[in-house]
Amino acid sequence: MASKYSELFYVEDPLVNKAKGHNLGVDITLEKYLTKEFYYMFTSSFFNSRYCGGDGVWHNTRYNRNFIINGLIGKEWMMGRNKQNVLSINLKLTLQGVNAIRQLMKQPPWHTRIKKTI
């Protein structure tokens, strides 16, 4: 049975996956539930996601950003005649590492690395 890849491109040799992958990380969360109309939550993830392809060299995976840090903070005020309405102010910030795709863009396009046979 032919693979989807071999249906799109002429492939002389069978495709073999001998790659290895490695994912390692830690998540940290600090949270204060809504008390006295105030809350916050800070999360962070630190990770490394790599693979070793057929060339024997370890590369970053496409989604390896090494870290993501999120912060969320908010304050609420009860308003109105019977304190039925809520006015809230919230802020969310995200800081993340550089996308590995930028590093991949330094390589020649994938279609130029395929053996062309007519």
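**Figure 1. Asn 66, a partly exposed residue in a loop.** Asn 66 has a relative accessible area of 38% and therefore counts as partly exposed. Under 20% relative accessible area a residue is called buried, over 50% exposed, and in between partly exposed (1.4 Å probe, protein chains only). The place of Asn 66 is the loop between strand 3 and strand 4. Its phi is positive, about 70 degrees, although Asn 66 is not a glycine. The model shown is predicted: local features need pLDDT of at least 70, side-chain atom pairs count only at pLDDT 80 or more, and totals for chains, interfaces and linings use all residues. Residues are numbered from 1 along each chain as its sequence is written, and side-chain values use heavy atoms, with hydrogens and water left out.

**Figure 2. The elements of the chain.** Two helices and five strands make up the elements of the chain. Read from the N terminus on, their order is α-β-β-β-β-β-α. Helices (H or I, at least four residues) and strands (E, at least two) are DSSP runs, numbered from the N terminus. The chain has 118 residues, and 9% of them are buried.

**Figure 3. Glu 37, between strand 1 and strand 2.** The loop that joins strand 1 and strand 2 holds Glu 37. Glu 37 is not a glycine, yet its phi is positive, at about 60 degrees. With a relative accessible area of 35%, Glu 37 is partly exposed.

**Figure 4. Strand 4 and its two partners.** Strand 4 covers residues 67-79 and pairs with strand 2 (residues 38-52) in the antiparallel sense, over nine bridges. Two strands pair if DSSP finds at least two bridges between them. Within this pairing, Ser 45 has Ile 68 of strand 4 as its bridge partner. Strand 4 is also joined to strand 5 (residues 85-96), by twelve bridges, and the two run antiparallel. Here Trp 77 stands opposite Leu 87 of strand 5. Five residues lie between strand 4 and strand 5, which form a hairpin. In the turn, Gly 80 has a positive phi of about 100 degrees.

Figure 5. Asn 64 is placed in the loop between strand 3 (58-60) and strand 4, and it counts as buried at 2% relative accessibility. Its side chain makes a polar contact with the side chain of Asn 48, at 3.0 Å. A polar contact is a pair of N or O atoms within 3.5 Å; within protein, one must be able to donate a hydrogen and the other to accept it, and residues adjacent in sequence count only if both atoms are side-chain atoms. The side chains of Asn 60 and Asn 64 are also in polar contact, at 2.9 Å. Asn 60 belongs to strand 3. A polar contact of 3.1 Å links the side chain of Asn 60 to that of Arg 50. Asn 60 and Arg 50 are ten residues apart along the chain, and their C-alpha atoms are separated by 4.4 Å.

Figure 6. A search of the whole structure finds two aromatic pairs. In one of them, the ring centres of Tyr 40 and Phe 42 are 5.6 Å apart and the planes stand at 40 degrees, so this pair is tilted. Rings of Phe, Tyr and Trp (its six-membered ring) pair if their centres lie within 6.5 Å; planes under 30 degrees apart count as stacked, over 60 as edge-to-face and the rest as tilted. Phe 38, Tyr 40 and Phe 42 are linked by ring pairs into a cluster. Tyr 40 is partly exposed at 23% relative accessibility, and Phe 42 is partly exposed at 39%.

**Figure 7. A nonpolar patch on the surface.** Val 26, Ile 28, Phe 46, Ile 69 and Leu 95 form this patch, and together they have about 420 Å² of accessible area. Patches are made of residues with over 30% relative accessible area and no salt bridge: like charges are joined within 9 Å, nonpolar side chains (Val, Leu, Ile, Met, Phe, Trp, Tyr) within 5 Å. A salt bridge is a side-chain nitrogen of Lys or Arg within 4 Å of a carboxyl oxygen of Asp or Glu. Accessible areas come from the Shrake-Rupley method with a 1.4 Å probe; for residues, only the protein chains shown count as cover. Phe 46 is a residue of strand 2 and is partly exposed, with a relative accessible area of 36%.

**Figure 8. Leu 34 and Lys 75.** Leu 34 is in strand 1, which covers residues 20-35. Its relative accessible area is 48%, so Leu 34 is partly exposed. Leu 34 and Lys 75 are 41 residues apart in sequence, with 8.7 Å between them in space, C-alpha to C-alpha.
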